[in-house]
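Please keep the sequence and the structure in view while reading.

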Amino acid sequence: MTRRVLYDLQVFVEQSHGGVSRYFRELSRAMASRGQWEAVVAPGVHVAPEGVGPRGMGPRIRLPAAGRGFRLMRGANRVVGRIAARAIGKRVEVFHPTWYHRASIEVWGHQPLVITIHDLIPETWPSVTTPQQLEDRAWAIRNAGAILCVSRTTRTELLTLFPAAEGKTFVAYPGVNPLPAPVEDRRGPEPYFVYVGKRGAYKDFGTLLRAVERGSHRLVVVGGGPPGEAMMKHIRERGLDQRIRFESAPDDANLARIISGAVALISTSRKEGFGMPPLEALALGTPVLLTDIAVYREVYGDWAVYFEPGRVESL
């Protein structure tokens, strides 16, 4: 008997590119390939250029990314979801929402709930979130029938804050669907390091800028949106504008080309739940330089070179 698992579009209205959206896109496609499960994606609007996974229960319309307009998209998806929820009835065995917005989850309230906890950064770095988002996450953790944690470190941190969840938490490490390997020679005449992801708060991107200033290599920064004026002023004042290049949202082929051509991928993060970019880099044969934090040691072991967080001299 084939059972159905439902995924919604929450993260796909906020991220055109990103680790969580990639996780759910690949997870839903993998579920769709298994004989005992059928993955179904909710109808609605999204901003993901690479799509959102396998077949849906209704139309899915891609719109241009709209910054804070994602709230309007999320509201529209709730309206569509209420209609779809009545139509689907009990024909879905599991609901696995892609984010924790309570009102969006309650639209599908008759479904058994499974959630993924990617990290505890909102709880430990409150500057990156809002009180409402923390309330929504806590509600989802309390009401989920099962919780997938992407690492042992994440599970330990979750149970420190939510000990009542112990009996329903499981560690499920993400895999990686390798990026398309470039066919041309990967290394150019000017060596560079690559950084992938957001740059604020716990990511400690400032440490990497100071390291680039002290060295001679170039740096390619991928994702995280375009740099703000304050950052560009900082870079220009230090004469780094000819050595640092920003690539806001390359497709997978260009991302693979950038990563595979780098001397190494660097992560200066002080906090992670798993850390997907280093895994993608290793799959392309690119070395990784990572902060010496618990989750990186757990996931990457001897496959990485480590440095002390926040210390330019160590990097």
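The structure, which is a predicted model, holds one cavity of 30 Å³ or more. About 130 Å³ of space lies in the largest cavity, and of the 13 residues that line it, the closest to its centre are Asp8, Leu9, Asn77, Arg78 and Ser104. Two helices, α1 (10–14) and α3 (70–88), each supply at least two residues of that lining, and α3 gives the most, with four residues. Sorted by class, the lining of the largest cavity comprises six nonpolar, four polar and three charged residues.

**Salt bridges**

Side chains of opposite charge can pair when their charged atoms come close. A search of the whole structure finds 16 salt bridges, and the table sets out some of them, including the pair of Glu38 and Arg4.

| Pair | Closest N to O distance |
|---|---|
| Glu38 and Arg4 | 3.3 Å |
| Lys271 and Glu157 | 2.8 Å |

Which parts of the chain does the salt bridge between Glu38 and Arg4 tie together? Glu38 forms this salt bridge with Arg4, and because Glu38 lies in strand β2 (residues 37–41) while Arg4 lies in strand β1 (residues 3–7), the pair ties together parts that are 34 residues apart in sequence. Glu38 counts as partly exposed, at 23% relative accessibility, whereas Arg4 is buried, with a relative accessible area of 17%.

The salt bridge between Lys271 and Glu157 links distant parts of the chain, 114 residues apart, with Lys271 in the loop between β12 (265–267) and α11 (276–283) and Glu157 in helix α7 (residues 152–161). Lys271 has a relative accessible area of 16% and is therefore buried, given that the term applies under 20%.

Elsewhere in the list of charged contacts, salt bridges that share partners join Arg22, Asp252 and Glu280 into one network.

Notes:
Residues numbered from 1 in each chain as written. Predicted model: local features only at pLDDT ≥ 70, side-chain atom pairs only at ≥ 80, totals over all residues. Heavy atoms only, no water. 1 Å grid on protein atoms, 1.4 Å probe; cavity = no way out; pocket = protein on both sides within 12 Å on 5 of 7 lines; lining within 4 Å. Points joined across faces, edges and corners; volume = space filled by probe spheres on them. Nonpolar A, V, L, I, M, F, W, Y, C, P; charged D, E, K, R; others polar. Salt bridge = Lys/Arg side-chain N within 4 Å of Asp/Glu carboxyl O. Buried < 20%, exposed > 50% of the residue type's maximum accessible area, 1.4 Å probe, protein only.
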